[in-house]
Each structure stands twice: as structure tokens, then as C-alpha cells.
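Here is a short briefing for a first look at a protein model. Keep the sequence and the 3D view open while you read.

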Amino acid sequence: MKRYIKPIVYCSFLFIALYLGIFRKGFSYYTGIGTSYSYFAAQKAIRDSSVLVYYSQGLVHHVYSGNIDSLQKAYGFSSKDGVTEVSSIVLKIYNLEINKAIHKRLGEIKWKEYQFKRDSMARKYEIKLIEKPH
């Protein structure tokens, strides 16, 4: 009996170390389960009737285009950059569910109104960049 205790303890320790270090992190990265970016987290956010959030990966540098974040909040959603905890496929699935919910909440007319205002803000800023003397 004593002969089996040491190998069992070593194997248990090795299994726990692998699970917490490699398997769990890899599993969460490729499935999103256990993070706030999974399909199930998107469904929960949709049911909560809270402000829906689009996420993007990496460091995205945007040119300032007015108060786009205020416009998004007025229509009931927002966007955040810099998610690296999950793969891009998991994030696309999350954003697809959020996008469906936003379209359902706003309807086609309000969604087109938002796009028009966003594009107008972007064009206004582009014109200011061109006219500004250096």
C-alpha cells in the first residue's frame, strides 16, 4: 500500500499542475467558457437588458471621430478594445450574438439612424483634418 501512495500523489500533483496551467487556460482560450466573452455570457448580457458591449482584439488605434462612445451609449451599446483572453473566433461568436440583440432592440430604422449619425461624425472630422493648416 505504501508503495502506491507516492506515485498517486505525484500523478495527482502533475495532473493538477497541467490542468490549471495548460489545459484550463487553453480550454478557456478556445471555447470562451469561464470568461466573460463566451456565447453564454452574451446570452446573459442580452437577458439582463443592460448596455451591450462589442469587444475587439488587440490594440486598435482609432482616429478620433467625435463622441462616438456617447452616440453608442445613446443607442444602448458600447465598444471596448484590447481583449486577448480568448481567440478571435470566440470573440466573433460573442459579437455576432450582441449584434443580433442590438438589431432586435433598435429595429432597422433606429440602426440606420445610428449609422447615419456615426458616418456624419466621421465625415465632419475628416473635413476638419483636411482644412486645418499646418
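A residue is called buried under 20% relative accessible area, exposed over 50%, and partly exposed in between, using a 1.4 Å probe and protein chains only. By that scale Glu 108 is partly exposed, with a relative accessible area of 47%. This is a predicted model: local features need pLDDT of at least 70, side-chain atom pairs count only at pLDDT 80 or more, and totals for chains, interfaces and linings use all residues. Residues are numbered from 1 along each chain as its sequence is written, and side-chain values use heavy atoms, with hydrogens and water left out.

**Overall layout**

- The protein has four helices and two strands. Helices (H or I, at least four residues) and strands (E, at least two) are DSSP runs, numbered from the N terminus.
- Along the sequence, the pattern runs α-α-β-α-β-α.
- The protein has 134 residues, and 24% of them count as buried.
- Its accessible surface comes to about 10300 Å², and 64% of that belongs to carbon and sulfur atoms. Accessible areas come from the Shrake-Rupley method with a 1.4 Å probe; for residues, only the protein chains shown count as cover.
- A contact means heavy atoms within 4.5 Å. Of the contacts with a separation of 6 or more, 84% are between residues 24 or more positions apart.

**Confidence**

- pLDDT is the predictor's confidence in each residue, from 0 to 100. The protein averages 79, and 79% of the residues score at least 70.
- Among the elements, helix α2 (residues 39–47) has the highest mean pLDDT, 88. Helix α1 (residues 2–31) has the lowest, 75.
- Where pLDDT is low, the predicted coordinates should not be read in detail.

**The nonpolar core**

- A nonpolar core is a set of buried Ala, Val, Leu, Ile, Met, Phe, Trp, Tyr and Cys residues joined through side-chain atoms within 4.5 Å.
- The largest one has 21 residues. Those with the most contacts inside it are Leu 52, Tyr 55, Phe 77, Ile 98, Ile 102 and Trp 111.
- At least two residues of this core come from each of α2, β1 (52–57), β2 (77–83) and α4. The largest share, nine residues, comes from α4.
- Leaving out residues up to four places away in sequence, Ile 98 touches Ala 42, Ile 46, Leu 52, Val 53 and Tyr 54.
- In soluble globular proteins, nonpolar side chains tend to be buried together.

**Asn 95**

- Asn 95 sits in helix α4 (residues 88–131).
- Is Asn 95 buried or exposed? Asn 95 is buried, with a relative accessible area of 16%.
- Not counting residues up to four places away in sequence, Asn 95 touches Val 53, Tyr 54 and Tyr 55.

**Salt bridges**

- The structure holds four salt bridges. A salt bridge is a side-chain nitrogen of Lys or Arg within 4 Å of a carboxyl oxygen of Asp or Glu.
- One of them joins Glu 108 and Lys 112, at 3.9 Å from N to O. Both residues lie in helix α4, four residues apart, about one turn of the helix.
- Lys 117 pairs with Glu 113 in a salt bridge, the closest N and O atoms being 3.6 Å apart. Lys 117 and Glu 113 also lie four residues apart in helix α4, about one turn of the helix.
- Lys 117 is partly exposed at 37% relative accessibility, and Glu 113 is partly exposed at 31%.
- The side chains of Arg 118 and Asp 119 form a salt bridge at 3.4 Å, N to O. Arg 118 is partly exposed at 30%, and Asp 119 is partly exposed at 33%.
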